[in-house]
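Please consult the sequence and structure below before reading on.

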Amino acid sequence: MADEPRQGGYLRQAWLVIVLALVYGGALAATQTALGPRVAANRLREAYREIPKLVGLDGEANIVPIELTAADGSQRQAYEVVASDGTLAGWVLRASGQGFQDRVELLVGVTPDVSTITGLYVLDQKETPNLGSLVAEPPFRDQFRGLSTDQPIAVVTSTPTTTSQIRSVTGATISSTSVAELVNRVIEDMKTPLRRLRSGGK
Amino acid sequence: MSKTEPTALERFTNGILPENPIYRQFLGMCPTLAVTGAMKPAMTMAAATAFVLVSANVIISLMRGLLRPHLRILVFTLTIATFVTIADRFLEAYFYAMSKELGPYVPLIIVNCIIISRCEICASKQSVGVALADALGMSLGFALALASLATVREILGSGSWFGVTLLPAGWPHWTIMILSPGAFFTLGLLLALVNWVGRRRAEAAALRARIKG
């Protein structure tokens, strides 16, 4: 339009947004550099507190972090949990992936022969409060304890009819299915490497 | 605008009660209902929101001469999101258990309308001193409102205040008070109380004026 004042080019319009994006990006990078290690240490401490419980141990346990090459060729983190009498109590696997809204981080406990799931803990999730977030609560995650690793876990919305089924959190089917699929995948990927480590190593 | 803008002192006191973000403006209802089951999470939320509100108001006020009308909301959001992320990471680093308890509600401060409305109403138009006073007043008003809800809910629901047991062991904890329905009941009743007191005071003032005149 002829009578409209000259608006100038894109840069003249948006230079403040560009400068702010750079400054704020720098500030966030600095925050992450300063606080990131502390956050990671907090998460690790929480993981170490939960790991013994996930393989059915109550008291002291020796937790050894291990790196394994999974079935799909990627490097994965896991923990070898040794009871105070020196016997192998089980393994705890780390799994993470997309939930309904954001990344979900899990710890999955399995028996030494990787035949049975012994526990599940949700380290981090940002699912819908009081809906999807309930996957982190005992009523949902305790269902995994005792399930066989021979067949994949299926999520149903009614009372489970077979031993490989779990019931989803009402109104949060996607969050529930995401967790079950992460568990299925990590067991599928890690079963063989862990069994090989156990028979070959110690 | 021909109307003169409020002074720093007016901005500060307005935020506490006359324009209280919760009781008068009904803004920020999500954290108000979600994290007031107990005093500790409520005050952590109030502190995090205050940090973001003060930082955003001051920075926006400093840049107010550079803002372009059609890009201002973008600049507000960018600024708010940055400070929310810093607050979220800080809580995760130094108050890990509280950070887990508050969950997504800290990142959700980004969409708390109290902050963007202060940027729009005050900080983008007035000087840094006024914007700072405004942010402090609104933060205090928000904190007081959260505290009022959390006090009622924690005492009735858990028999404690700030985690310190107040009521005798025989108190049957009204669990519903810490659950979502308790948040709605408490907010409704407190709103009614604030309105009732406000109306009584207005009537009394009108009566006094009539007697004098």
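In this predicted model, the side chains of A:Arg43 and B:Glu92 form a salt bridge at 2.4 Å, N to O; the term denotes a side-chain nitrogen of Lys or Arg within 4 Å of a carboxyl oxygen of Asp or Glu. Two salt bridges are counted between chain A and chain B.

**Interface between chain A and chain B**
- Helix 1 and strand 5 (117-124) of chain A each supply at least two residues of the side of chain A that touches chain B; helices (H or I, at least four residues) and strands (E, at least two) are DSSP runs, numbered from the N terminus.
- Helix 1 of chain A gives the most to that side, with 18 residues.
- In contact (heavy atoms within 4.5 Å) are 25 residues of chain A and 24 residues of chain B.
- About 2,300 Å² is buried between the two chains, and carbon and sulfur atoms give 64% of this area; buried area is the accessible area (1.4 Å probe) that two parts lose on being put together, summed over both.

**Nonpolar surface patch**
- A:Trp15, A:Val19, A:Val23 and B:Leu66 make a nonpolar surface patch of about 350 Å²; patch residues have over 30% relative accessible area and no salt bridge, with nonpolar side chains (Val, Leu, Ile, Met, Phe, Trp, Tyr) joined within 5 Å and like charges within 9 Å.
- A:Val19 lies in helix 1 (residues 10-54) of chain A.
- A:Val19 is partly exposed, at a relative accessible area of 39%; buried means under 20%, exposed over 50%, and partly exposed in between (1.4 Å probe, protein chains only).

**Conventions**
- Residues are numbered from 1 along each chain as its sequence is written, and chains are lettered from A and ligands numbered from 1 in the order in which they are written.
- Local features need pLDDT of at least 70, side-chain atom pairs count only at pLDDT 80 or more, and totals for chains, interfaces and linings use all residues, while side-chain values use heavy atoms, with hydrogens and water left out.

Terms used
Accessible areas come from the Shrake-Rupley method with a 1.4 Å probe; for residues, only the protein chains shown count as cover.
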